[in-house]
Amino acid sequence: MNLMVNAQSGVCARWTEHWGSGATCNYVLTGCTVSAYSVRGTGRTSSRGCTGPVQASITCSPTGASFREQVGSVVDSAALSRR
């Protein structure tokens with residue numbers, strides 16, 4: 001997963017998910033709520049074969065971030081480190 005956060009723009013985050021099925025899903029996070037260390041909103045995609053919209057949140061720390069997305073009752077989460 002690649003993630004870019006920019007809480008000062010209309011699209012406050014972008015991420016790419018690569019699935020074992022071969023699908024590559026590019027998402028943008030819009031309608032964001034921003035706090036001191038987190039951002040959340042609606043993830044939208046136009047990539048074929050990908051789920052959307054999703055509710056997503058990203059919480060940042062000095063060493064990385066935690067990511068969570070939810071569609072209905074299905075939740076995916078990941079711990080991300082800085083490169």
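This is a predicted model: local features need pLDDT of at least 70, side-chain atom pairs count only at pLDDT 80 or more; totals for chains, interfaces and linings use all residues.
Gly43 stands opposite Val54 in strand β5.

The bridge partner of Leu29 in β4 is Gly43. Strand β3 covers residues 24-34 and strand β4 covers residues 38-45, and the two run antiparallel, joined by 6 bridges. Between β3 and β4 there is a hairpin of 3 residues. Strand β5, residues 54-61, pairs with β4 over 6 bridges, again in the antiparallel sense.

Next, the disulfides. How many does the structure hold? There are 2 disulfides.

Take Cys12 and Cys32. Their sulfur atoms are 1.8 Å apart, and they form a disulfide. This pair links distant parts of the chain: Cys12 sits in the loop between β1 (2-5) and β2 (13-18), while Cys32 belongs to strand β3, and 20 residues separate them. The torsion about the S-S bond is about -70 degrees, so the disulfide of Cys12 and Cys32 is left-handed. Cys32 comes out at 27% relative accessibility, so Cys32 counts as partly exposed.

Now the disulfide of Cys25 and Cys50. Here the sulfur atoms are 2.1 Å apart. This pair also links distant parts of the chain, with Cys25 in strand β3 and Cys50 in the loop between β4 and β5, 25 residues apart. The angle about the S-S bond is -85 degrees, and the link of Cys25 and Cys50 is left-handed. Cys25 is buried, because its relative accessible area is 2%. Cys50 is buried too, at 17%.

Which pairing results if the bonded cysteines of the protein chain are numbered in sequence order? The pairing is 1-3, 2-4.

While we are on cysteines, a word on Cys60. Its relative accessible area is 34%, so Cys60 is partly exposed.

Pro62 is in the loop between β5 and β6. With a relative accessible area of 75%, Pro62 is over the 50% cut-off and therefore exposed. One distance to note here: the C-alpha atoms of Pro62 and Tyr37 are separated by 9.9 Å, and the two residues are 25 residues apart along the chain.

Last, Glu69. Where is this residue? Glu69 is in strand β6, which spans residues 64-71. Glu69 is buried but has no salt bridge. Which side chain of opposite charge is nearest to Glu69? That is Arg68, and Arg68 is 10 Å away. For a salt bridge the cut-off is within 4 Å, so Arg68 does not qualify as a partner of Glu69.

What is Glu69 in contact with, then, leaving aside its neighbours within four places in sequence? The contacts are Trp15, Glu17, Val54, Gln55, Ala56, Val74, Val75 and Asp76.

Definitions and conventions: Residues are numbered from 1 along each chain as its sequence is written. Side-chain values use heavy atoms; hydrogens and water are left out. Helices (H or I, at least four residues) and strands (E, at least two) are DSSP runs, numbered from the N terminus. Buried means under 20% relative accessible area, exposed over 50%, partly exposed in between (1.4 Å probe, protein chains only). Lys and Arg count as positive and Asp and Glu as negative; His and the chain ends are not counted. Contact means heavy atoms within 4.5 Å. Two strands pair if DSSP finds at least two bridges between them. A disulfide is a pair of cysteine sulfur atoms within 2.5 Å.
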